[in-house]
Amino acid sequence: MRERRHIDPSDVDLPTLMTAFTDPLRLRIIGILDRNGETPCAAIYHEIGISKSGASHHFRVLRETGVLLSRTSGRDHYACLRREELEKAYPGILDAVLGELIPTPVGPDSYVIA
């Protein structure tokens, strides 16, 4: 299996980081990870209702912009937010982005953009 690319958030410029926040599905992924902490990737794409290949693209964008870390354990893949590193590089940005998410009618643990 090839090594996943993880970039330090402090090495990402603000316009590049902001591209990670431009997609509603990526924002939902961020909301889920913020709520749950480290989460199996399969649980995330099942909750969102997207294919594994579609989810892989969004996880890659988030990973390559320094927003999340991913790891593999056996056949399972896990993701978690890099909250501390993002806060250090861009104070308040993650809270500002998460503040734009609101619960959906589906339930209090599902989010959409305000």
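Colleague: How many helices and strands does the protein chain have?

Modeller: The secondary structure comes to 6 helices and 5 strands. Helices (H or I, at least four residues) and strands (E, at least two) are DSSP runs, numbered from the N terminus. Along the sequence, the protein chain follows the pattern α-α-β-α-α-β-β-α-α-β-β. This is a predicted model, where local features need pLDDT of at least 70, side-chain atom pairs count only at pLDDT 80 or more, and totals for chains, interfaces and linings use all residues. Residues are numbered from 1 along each chain as its sequence is written, and side-chain values use heavy atoms, with hydrogens and water left out.

Colleague: How are two packed helices described?

Modeller: By the angle between their axes and the distance between the axes. Here, helix α2 (residues 24-36) packs against helix α4 (residues 52-64) at an angle of about 70°, and their axes are 10 Å apart. Axes are lines fitted to C-alpha atoms, for helices over the stretch in contact, and angles run from 0 to 180 degrees between N-to-C directions. The angle therefore makes α2 roughly perpendicular to α4 (under 35 degrees is roughly parallel, over 145 roughly antiparallel, 65 to 115 roughly perpendicular, the rest oblique).

Colleague: Which residues of α2 and α4 meet?

Modeller: From α2, Leu-25, Arg-26, Ile-29 and Ile-30 meet His-57, His-58, Phe-59, Val-61 and Leu-62 of α4. Contact means heavy atoms within 4.5 Å. The residues of this contact divide into 6 nonpolar, 2 polar and 1 charged (Ala, Val, Leu, Ile, Met, Phe, Trp, Tyr, Cys and Pro count as nonpolar, Asp, Glu, Lys and Arg as charged, and the others, Gly among them, as polar).

Colleague: Where do nonpolar side chains tend to be in soluble globular proteins?

Modeller: They tend to be buried together. In this model, the largest nonpolar core has 29 residues, and those with the most contacts inside it are Leu-17, Phe-21, Ile-30, Phe-59 and Val-67. Such a core is a set of buried Ala, Val, Leu, Ile, Met, Phe, Trp, Tyr and Cys residues joined through side-chain atoms within 4.5 Å. Helix α2 gives the most to this core, with 5 residues.

Colleague: Is Thr-39 buried or exposed?

Modeller: Thr-39 is buried, with a relative accessible area of 7% (buried is under 20%, exposed over 50%, partly exposed in between, with a 1.4 Å probe and protein chains only). Thr-39 is found in strand β1 (residues 39-40). A polar atom of its side chain lies 2.7 Å from the backbone oxygen of Gly-37. Leaving aside neighbours within four places in sequence, Thr-39 is in contact with Leu-33, Ile-44, His-77, Tyr-78 and Ala-79.

Methods: Polar contact = N/O pair within 3.5 Å; in protein donor to acceptor, adjacent residues only side chain to side chain.
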